[in-house]
Amino acid sequence: MRLAFSLLLLAACTHSPTTAPPTVREVEVAVTVDDLPLHGPLLPGQTRLDLARGMLAVLARHHLPPVVGFVNGVRVEAFPDTRAVLETWRAAGQPLGNHGWSHRNLDQTELEPYLADITANEPLLEQLEPDAAARHFYRYPFLHEGADAARRRAVRDFLRQHGYRTAEVSLDGDGWAFSEPRVRCAAKGDQATLHRLHEQFVEVHVDELRRMRALGLQLEHRELRHVLLLHLGVAEVDALDGLLTAYEHEGVRWVSLGRALDDPFYAIDPDQGFRGGAAFPYLVAKARGVEARPIYLRGLEEQLEQVCR
Ligand SMILES: [Zn+2]
């Protein structure tokens, strides 16, 4: 039965006219980079500035529009030489936005200190970033926007009153979780696993892009513009060229963060708490009763935790 069906299919294919290659649907994506100037471990002999230069070179090679780097000023206070990372980022024409002075977790911080942490980051950003619109993009640390609706509303009101625009994320491939195993495998000289990690990084991010495009179609019946979350980490810098190339093959056209956030989708207010936080489409899905599991609930972090132990 199956053989007969296969032969029929083969015959159909053989006799069909020349088929055009499948059309790749275009999708607009903005890249953003969190945790400047310091995120995760380094490889032996590597500096924070090496990482930044590596990332900036790849962004330039792919001709990306300005990529906002989100800053935690406390790192510059603790490690003054990391200021050069921020200056190099700006010198390359890339903007700097606000990620809170000390990367506070809204699920674990009282409201007033959380808001004060946003304001505390402003003097450093004013020194480094002349563009007021750029430094008024705010990225919630851990993507935690509030475990309950009241907390969520309080922070949103504060951001609005202070001229901030929330830099929502729609594409989160857990990139941060790859850098620790990346460094462990390098220390062991395990080239096969390093290669596999690199491939997995790209695969996970392509999978998330496809999932979020599908979820966007389900929620809004159209192609959304997307915002990709990366960090200034070892594994992410290593895999960036492969990732951008793979995304371009998926139909991605690079746009600025402002352009992506102009999509009316990001003006939706799910107006409910979400403990643990997640990329924005998951919050909208939850508000509408649509089943969708954020990436950190799919076992990836647990699997990476075991790599090269
Ligand atoms: Zn962060």
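Helices α2 and α4 are roughly parallel to each other, where that label covers angles under 35 degrees, with over 145 counting as roughly antiparallel, 65 to 115 as roughly perpendicular and the rest as oblique. This is a predicted model, in which local features need pLDDT of at least 70, side-chain atom pairs count only at pLDDT 80 or more, and totals for chains, interfaces and linings use all residues. Residues are numbered from 1 along each chain as its sequence is written.

**Two helix pairs**

Two packed helices are described by the angle between their axes and the distance between the axes. Here the axes are lines fitted to C-alpha atoms over the stretch in contact, and angles run from 0 to 180 degrees between N-to-C directions. Helices (H or I, at least four residues) and strands (E, at least two) are DSSP runs, numbered from the N terminus.

| Helix pair | Residues | Axis angle | Axis distance |
|---|---|---|---|
| α2 and α4 | 48–61 and 83–91 | roughly 15° | within 9 Å |
| α9 and α10 | 179–188 and 191–220 | about 160° | 8 Å |

With that angle, α9 is roughly antiparallel to α10. α9 passes α10 in a left-handed crossing, while the crossing of α2 and α4 is right-handed. The left-handed case has the near helix turned anticlockwise from the far one by less than a right angle, and the right-handed case has it turned clockwise.

Who touches whom? Residues are in contact if their C-beta atoms, placed from the backbone, lie within 7 Å. On the α2 side, Arg-48, Leu-49, Ala-52, Arg-53 and Leu-56 meet Ala-84, Val-85, Thr-88 and Trp-89 of α4. Sorted by class, that contact has six nonpolar, one polar and two charged residues. (Nonpolar takes in Ala, Val, Leu, Ile, Met, Phe, Trp, Tyr, Cys and Pro; charged is Asp, Glu, Lys and Arg; the others, Gly among them, are polar.)

Most residues other than glycine have a negative phi, and most peptide bonds are trans. The bond from Leu-36 to Pro-37 is cis, with omega near 5°, and Pro-37 sits in the loop between β1 (27–36) and α2.

Asp-174 isn't a glycine, yet its phi is positive at about 55°; look for Asp-174 in the loop between β6 (171–172) and α9. Asp-174 counts as partly exposed, with 18 C-beta neighbours inside 10 Å (20 or more would be buried, 12 or fewer exposed, with C-beta atoms placed from the backbone). His-221 also has a positive phi, near 60°, and is in the loop between α10 and β7 (226–231). His-221 is exposed, with 7 other C-beta atoms within 10 Å.

How values were computed: Contact = placed C-beta atoms within 7 Å.
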